[in-house]
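Please open the model in your viewer and keep the selection panel at hand. The tour begins with the whole chain and then turns to individual residues.

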Amino acid sequence: MINMLDTVLTIAATDSSNGAGTTADLATLNFFGVYGVAAITAVTAQNLNEVLAVKPVKNRIFTKELQALSADSMPKIKVIKLGLIPNEKILRTTVTFIREQKKLNPDILVVWDPVAVAGTGGELSEINYSLWLHIILPLVDVFTPNLNEALALCEGFEVDTSGLKNCMDSLTQLSLYFRKLGAGTVYLKGGHLPALINEDEKTAKGRSSKQGVSEFEKLTSYIYDVVVSGENNDVYYFGCGRFAGASNSTGVHGTGCIMASAVAAMLAKGYNAVDAIAYAKAYMTRGIENSVDVGARSRLFRHGYINNSEMLQYFPYMARTVSELELICNPAENTGFAPCAHDLGLYPVVDSSEWIGILCENGVKTMQLRIKKPESSEQLEQEIAKSVKLCEKYGARLFIDDYYELAIRHKAYGVHLGQEDLIDAKLNPIREAGLRLGVSTHGYAEIARACLLKPSYIALGHIYPTGSKVMASRPQGPSKLADYVALVDPAYPTVAIGGIKLHNLGDVKSSGVGSVAVITAITAAPDPAAAVREWLDAVGAGSSDPAVKTERRGRTVKKTSSGSETGVSKSRTVSAKKTGTGRSASAAGTSAKERARRKSRSVKTEKTSEDNA
Ligand SMILES: Cc1ncc(COP(=O)(O)OP(=O)(O)O)c(N)n1
Ligand SMILES: Cc1ncsc1CCOP(=O)(O)O
Ligand SMILES: [Mg+2]
């Protein structure tokens with residue numbers, strides 16, 4: 001169903017082939033469930049081989065289009081997406097219009113896809129954008145150039161292609177150039193990178209490989225996009241396989257327009273820029289993998305309604321450091337963490353071994369020791385050691401928050417780490433010691449990062465306002481929680497956290513989440529033992545653990561005929577393997593209807609001996 005109030009205005013040209021331009025923009029917006037309106041800047045005669053003609057509309061008509069669309073009789077525009085602008089007259093009118101709109105509504109967002117040349121090669125605009133950057137970029141919230149466009153706009157910049165690290169640093173510098181000129185989030189798409197690497201470098205990089213995958217292969221077998229966003233210029237790397245099916249063509253027609261429209265749609269739906277980009281990339285991968293070869297130079301993108309139950313296989317991976325990004329290039333070594341029960345059930349988070357004792361005695365089977373201000377390192381270690389012993393005695397799963405080295409030393413069941421913790425944490429020792437890893441996420445981009453690390457479970461938060469932790473993001477709410485669960489389940493066990501109380505538990509359970517983590521609902525209860533029992537009745541203690549360590553789910557990275565690897569094959573199993581046990585009837589949110597729906601899904605599940613237990 002389209003939400004008519006989430007309105008996106010596309011300012012762009014028509015494309016007679018409907019592969020790109022305003023009609024493709026409107027199609028994309030439609031498939032994302034937002035309402036699209038268009039102000040046409042030019043009429044182009046194009047097909048999948050070439051641009052035959054570009055005819056700008058008269059500035060007088062263009063001005064009238066904008067006037068009509070911003071009238072009170074129309075839904076309020078939330079996002080403006082800029083595509084092909086053929087000449088300076090139209091550009092001036094556009095800039096004036098955006099300034100006026102931003103004055104009237106400071107929340108309006110602008111996405112700019114700097115179209116100058118068609119994918120098939122034809123010149124589309126007579127504007128020298130380099131001269132306009134300082135005027136346009138301060139008005140732009142998300143700037144989405146591809147590498148060729150970015151290099152054309154930053155004359156003299158040379159991308160360092162000597163290895164993945166240097167290359168990512170170089171793309172970050174290029175993105176920062178646009179940020180300094182005023183752009184909000186810069187989303188630099190790196191698909192054109194291989195064309196910048198010369199033959200000599202190929203052999204040199206092949207020899208310099210340490211891990212069996214040459215630097216050349218790393219740079220050419222995958223696509224890396226760089227996103228720079230936020231006050232601190234936070235860097236996000238998005239990586240995905242390269243689509244092998246496009247090798248006989250110039251690519252898929254219209255991807256720049258469609259991608260920018262998908263980002264605009266997600267912004268209109270209220271997602272932040274980085275989450276919008278993560279989801280838009282998944283939409284792109286699905287449409288590109290299913291694109292149609294009609295025997296022309298470029299292929300036709302295949303649109304479709306978004307449906308989270310099938311989107312995980314198309315999701316990009318996100319990394320915050322280049323060493324994390326390397327995991328994409330070494331899929332065989334990226335084996336993932338030990339699996340845990342698919343439904344962890346009630347999951348109280350407490351700050352002392354005394355609390356751990358109370359939980360164990362009252363039948364809780366999953367819990368976390370989260371000590372934020374230890375009295376001393378000795379006291380911290382003693383508390384961890386004591387808690388591990390208690391949980392061993394009662395057959396309960398104990399996750400240790402943050403202190404993974406102590407968790408390894410004392411052989412806890414698992415560790416819980418947040419997005420910031422992951423930047424410095426050494427994950428190999430956790431994996432090698434067989435401890436489970438739970439990872440916090442707060443939206444699509446962080447889920448994309450969690451999926452790269454292949455944790456034992458994914459925590460989704462914070463669902464409601466919480467007084468137990470200062471949060472950088474907004475509460476997700478139960479509807480987004482349901483979307484996230486539909487995306488990652490059954491590939492990963494899920495845990496909901498943040499502000500969950502008995503009065504909102506029904507909505508949380510309806511999402512199908514496998515576990516509910518709470519702090520104050522139990523620790524601030526007048527009778528904690530009674531509260532634990534009440535919560536256990538409502539949520540359940542979760543299912544039992546898998547009997548044996550099974551193969552971690554992950555993308556099947558297929559070799560293409562040229563020998564390069566691609567993670568884009570249909571046969572990949574990113575969402576296909578459920579390594580946990582079957583769901584217990586009392587598991588959070590698992591209604592009979594929901595279980596039946598999941599069973600009928602076409603995902604293969606891997607049974608363990610306990611599935612039938
Ligand atoms: C189950 C669960 N989910 C989320 C968190 C939060 O972890 P993190 O983001 O690292 O924040 P701190 O708890 O360390 O403050 C959690 N601990 N447990
Ligand atoms: C640690 C943490 N991480 C996300 S929300 C949260 C606090 C949850 O506490 P409460 O259940 O009291 O809202
Ligand atoms: Mg933490």
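Begin with the entire chain of this predicted model. Among contacts between residues at least 6 apart in sequence, 71% link residues at least 24 apart. Colour next by secondary structure: the chain contains 23 helices and 22 strands. Then display the surface, whose accessible area is about 25,000 Å², with 52% of it belonging to carbon and sulfur atoms. Of the 613 residues, 58% count as buried.

With the surface still shown, select Lys55, Lys58, Arg60 and Lys89, which form a positive surface patch. Centre the view on Lys58, a member of this patch. In the secondary structure, Lys58 is found in the loop that runs between β3 (51–56) and α2 (59–69). Is Lys58 buried or exposed? Its relative accessibility is 58%, so Lys58 counts as exposed, the cut-off being over 50%.

Now hide the surface and select Thr144. This residue also belongs to a loop, here the one between β6 (142–143) and α5 (147–153). Thr144 has a relative accessible area of 0% and is therefore buried, a class that requires a value under 20%.

To finish, show Lys58 and Thr144 together: Lys58 is exposed at 58% relative accessibility, whereas Thr144 is buried at 0%.

Key
Residues are numbered from 1 along each chain as its sequence is written. Chains are lettered from A and ligands numbered from 1 in the order in which they are written. This is a predicted model: local features need pLDDT of at least 70, side-chain atom pairs count only at pLDDT 80 or more; totals for chains, interfaces and linings use all residues. Side-chain values use heavy atoms; hydrogens and water are left out. Patches are made of residues with over 30% relative accessible area and no salt bridge: like charges are joined within 9 Å, nonpolar side chains (Val, Leu, Ile, Met, Phe, Trp, Tyr) within 5 Å. Accessible areas come from the Shrake-Rupley method with a 1.4 Å probe; for residues, only the protein chains shown count as cover. A salt bridge is a side-chain nitrogen of Lys or Arg within 4 Å of a carboxyl oxygen of Asp or Glu. Lys and Arg count as positive and Asp and Glu as negative; His and the chain ends are not counted. The place of a charge is taken as NZ of Lys, CZ of Arg, CG of Asp or CD of Glu. Helices (H or I, at least four residues) and strands (E, at least two) are DSSP runs, numbered from the N terminus. Buried means under 20% relative accessible area, exposed over 50%, partly exposed in between (1.4 Å probe, protein chains only). Contact means heavy atoms within 4.5 Å.
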